[in-house]
Amino acid sequence: MDSLILGSSTGGHSLFTPGRSSWRSNDLKAVHFPSSSIGVQVPTCNSYSIIEKFYTKRFRQYIVKHHARGIQETSTAFQKSNTKFLVNATSGHPLESEPGAYPKTTGNSVKNALDAFYRFSRPHTVIGTALSIVSVSLLAVEKVSDVSSLFFTGVLEAVVAALMMNIYIVGLNQLSDIEIDKVNKPYLPLASGEYSTFTGIMIVTSFSIMSFWLGWIVGSWPLFWALFISFVLGTAYSINLPLLRWKRFALVAAMCILAVRAVIVQLAFYLHIQTHVFSRPAIISKPLIFATAFMSFFSVVIALFKDIPDIEGDKIFGIRSYTVRLGQERVFWICISLLEMAYGVSILVGATSSYTWSKVIILFYAEYFLIPLIR
């Protein structure tokens with residue numbers, strides 16, 4: 001900083017004595033204050049104490065002024081920070097000022113991806129498909145030695161190939177019903193926006209190719225034809241092309257489901273185990289006929305029951321299901337009646353069977369007669 005040049009008289013009356021235009025250099029003394037970078041030259045006379053008091057006062061004013069300015073700037077910065085904190089808090093953003101304060105971890109990303117795919121695959125259809133294939137495969141078992149590693153390998157091949165085709169069918173149905181599912185099933189990945197249309201197309205294409213590839217390398221014609229017919233009917237059921245999208249027509253939709261669930265699954269996968277795994281001649285046994293008849297009733301129930309919760313979206317988009325035409329309650333009790341008929345026949349067959357275990361199983365079926373009593 002610039003030096004302050006201050007003068008004083010020896011008599012102490014005035015700082016500037018008339019007749020003297022300037023101070024001699026030997027009348028001045030340099031003074032430096034430790035707390036400041038200001039260098040001051042002051043006289044060496046008695047007025048030194050007056051000059052010291054004057055400068056001390058000015059220096060204190062300087063310190064107070066800058067200290068007050070620092071407090072004001074700090075207060076302003078705090079207010080800005082506090083305002084930003086409140087805005088983040090009320091808007092639901094992270095409280096930290098840096099963006100991405102809570103970065104997504106790899107564990108959460110994997111968990112979310114698995115959850116989305118789980119919902120996309122429609123797990124109730126996956127479980128039903130797997131259990132039905134295992135059940136019908138056991139119909140081909142004639143003796144204990146048949147339950148071998150060869151049998152389990154054949155069942156595993158059939159289950160994996162069928163599940164991949166199942167994901168293709170339910171995925172294609174979701175791709176065709178995105179707008180409907182926004183009303184009926186907004187939690188599905190395509191309807192909620194978790195999956196893009198391109199992602200859905202890539203998934204269904206990949207799984208259909210893998211299903212056919214596995215069916216081909218296994219070398220079982222019953223398995224391959226089961227996959228092919230399921231592919232054709234599943235595509236015709238859902239895809240929105242001329243003369244297709246059979247789900248718009250209640251009877252045709254029910255026949256598609258019946259053909260796959262009751263006929264294709266029972267006959268084709270039974271023959272896969274019977275002819276390809278066990279290398280036995282193809283025969284149509286009584287248990288197979290019973291399973292096909294029973295699943296025919298059950299498949300009709302599936303076709304009717306699945307539309308009961310979807311009535312709102314089906315009405316909006318012109319899907320003339322039986323639920324839309326007859327009402328939810330009426331369709332519900334039709335389904336109950338069909339189940340009673342199916343299990344009633346099962347009880348009669350079990351009661352007349354020569355196998356003891358068949359008579360025991362009818363006790364399980366009997367519980368379904370209690371359903372109509374629940375009002």
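Which helices each supply at least two residues of the nonpolar patch? Hi everyone, let's start there. The answer is helix H7 (197-218) and helix H8 (221-238). Helices here are DSSP runs of H or I with at least four residues, strands are runs of E with at least two, and both are numbered from the N terminus.

Before going on, a word on the source. This is a predicted model, where local features need pLDDT of at least 70 and side-chain atom pairs count only at pLDDT 80 or more, while totals for chains, interfaces and linings use all residues. Residues are numbered from 1 along each chain as its sequence is written, and side-chain values use heavy atoms, leaving out hydrogens and water.

Back to the patch. Trp213, Trp216, Ile217, Trp221, Trp225, Phe228, Ile229 and Val232 make a nonpolar surface patch of about 900 Å². To join such a patch, a residue needs over 30% relative accessible area and no salt bridge, and nonpolar side chains are joined within 5 Å. A salt bridge means a side-chain nitrogen of Lys or Arg within 4 Å of a carboxyl oxygen of Asp or Glu. Areas come from the Shrake-Rupley method with a 1.4 Å probe, and for residues only the protein chains shown count as cover. H8 gives the largest share, 5 residues. Trp213 sits in helix H7 and is exposed, with a relative accessible area of 54%. Exposed means over 50%, buried under 20%, and partly exposed in between.

Now, please look at helix H2, residues 106-120. Its end C-alpha atoms are 21 Å apart, which agrees with the 21 Å that its 15 residues should span at 1.5 Å a residue; the expected span is 1.5 Å times one less than the number of residues. Which residues of H2 are buried? They are Ala116, Arg119 and Phe120. These cover an arc of only 105° around the axis, so they lie on the same side of H2; the arc is taken from the directions from the helix axis to the C-beta atoms. Their cover includes helix H4 (149-176), helix H6 (189-192) and H7. On the other side of H2, we find Thr106, Gly107, Lys111 and Leu114 exposed. Just after H2, Arg122 takes a positive phi of about 55°.

Finally, the whole chain: it has 14 helices and 3 strands, and 38% of its 375 residues are buried. Thanks, all!

Terms used:
Patches are made of residues with over 30% relative accessible area and no salt bridge: like charges are joined within 9 Å, nonpolar side chains (Val, Leu, Ile, Met, Phe, Trp, Tyr) within 5 Å. Buried means under 20% relative accessible area, exposed over 50%, partly exposed in between (1.4 Å probe, protein chains only). Contact means heavy atoms within 4.5 Å.
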